Amino acid sequence: MLRFMNICLVLGLVALACVIYQVKYEARALDRQIAAIGKEIETERDAVAVLRAEWSLLNRPERIERLAKKHLKLEASTPRQLVSIDAVTDRDFDRSRKDETPAAAKPAPKSSNQPAVAAKPAEVLPWATATLPWHTATIPSPIPMSAQ
């Protein structure tokens with residue numbers, strides 16, 4: 001009986017050693033994964049810092065103003081074009097909705113070698129401007145003020 005008990009204890013000890021060995025190597029593998037993920041996090045943080053620096057460099061008002069002058073050819077707004085939000089009424093919007101003409105009702109341009117040019121440019125509605133911190137862009141309205 002003592003021999004049987006000793007054999008069982010030795011077998012239990014060997015099984016326990018195998019389990020501990022397996023857990024040890026799983027823990028080492030998890031430590032390596034944690035270290036790799038930590039390195040990836042640091043790499044991503046560095047990349048985010050670089051992207052933020054590039055964004056602030058590209059988003060400088062002087063640069064945007066220079067590009068707007070070069071590519072958009074915007075004009076400065078006149079004081080007549082700027083209004084406060086309190087000055088705009090619902091009537092202004094209703095009038096613009098009523099005066100809109102569908103695209104199908106517009107006459108077709110004449111087919112000639114010369115491009116069609118309007119005799120007089122339409123005036124821009126006062127609320128049809130977009131004021132940006134670096135420049136003011138005038139957005140032409142499809143409804144001339146003379147049609148009001």
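Biologist: How many disulfides does the structure hold?

Modeller: This model is predicted: local features require pLDDT of at least 70 and side-chain atom pairs pLDDT 80 or more, whereas totals for chains, interfaces and linings take in all residues. Numbering starts from 1 along each chain as its sequence is written, and side-chain values rest on heavy atoms, without hydrogens and water. A disulfide needs a pair of cysteine sulfur atoms within 2.5 Å. By that rule the count of disulfides is 0.

Biologist: What is the relative accessible area of cysteine 18?

Modeller: Residues count as buried under 20% relative accessible area, exposed over 50% and partly exposed in between, using a 1.4 Å probe and protein chains only. Cysteine 8 is partly exposed, at 36%. Cysteine 18 is also partly exposed, and its relative accessible area is 49%.

Biologist: In what order do the elements of the protein chain run from the N terminus?

Modeller: Helices (H or I, at least four residues) and strands (E, at least two) are taken as DSSP runs and numbered from the N terminus. The protein chain has 3 helices and 2 strands. From the N terminus on, their order is α-α-α-β-β.

Biologist: What percentage of the residues in the protein chain is buried?

Modeller: The protein chain exposes about 13100 Å², with carbon and sulfur atoms supplying 63% of it; this area comes from the Shrake-Rupley method with a 1.4 Å probe. The protein chain has 148 residues, and the buried share of them is 11%.

Biologist: Which glutamate meets arginine 45 in a salt bridge?

Modeller: A salt bridge puts a side-chain nitrogen of Lys or Arg within 4 Å of a carboxyl oxygen of Asp or Glu, and the rule gives 2 of them. With an N to O distance of 3.2 Å, the partner of arginine 45 is glutamate 42.

Biologist: What is the N to O distance in the salt bridge of lysine 69 and glutamate 65?

Modeller: Lysine 69 and glutamate 65 sit 4 residues apart in helix H2 (residues 61-72), so about one helical turn separates them. Lysine 69 is exposed, at 52%, and glutamate 65 is partly exposed, at 29%. Their N to O distance is 3.6 Å.

Biologist: Which geometry does the pair of tyrosine 21 and tyrosine 25 have?

Modeller: Rings of Phe, Tyr and Trp (its six-membered ring) pair if their centres lie within 6.5 Å, and planes under 30 degrees apart are stacked, over 60 edge-to-face and the rest tilted. The whole structure has 1 aromatic pair. The ring centres of tyrosine 21 and tyrosine 25 are 4.7 Å apart and the planes meet at 65°, so the pair is edge-to-face.

Biologist: Which helix holds tyrosine 21 and tyrosine 25?

Modeller: Tyrosine 21 is exposed, at 51%, and tyrosine 25 is partly exposed, at 37%. They are 4 residues apart, about one turn, and both lie in helix H1.

Biologist: How many contacts beyond four places in sequence does the model have for residues 111-138?

Modeller: pLDDT, the predictor's confidence in each residue from 0 to 100, has a mean of 75 in the protein chain, and 64% of residues reach 70 or more. Where pLDDT is low, the predicted coordinates should not be read in detail. Contact means heavy atoms within 4.5 Å. Over residues 111-138 pLDDT stays under 50, and the number of such contacts is 50.
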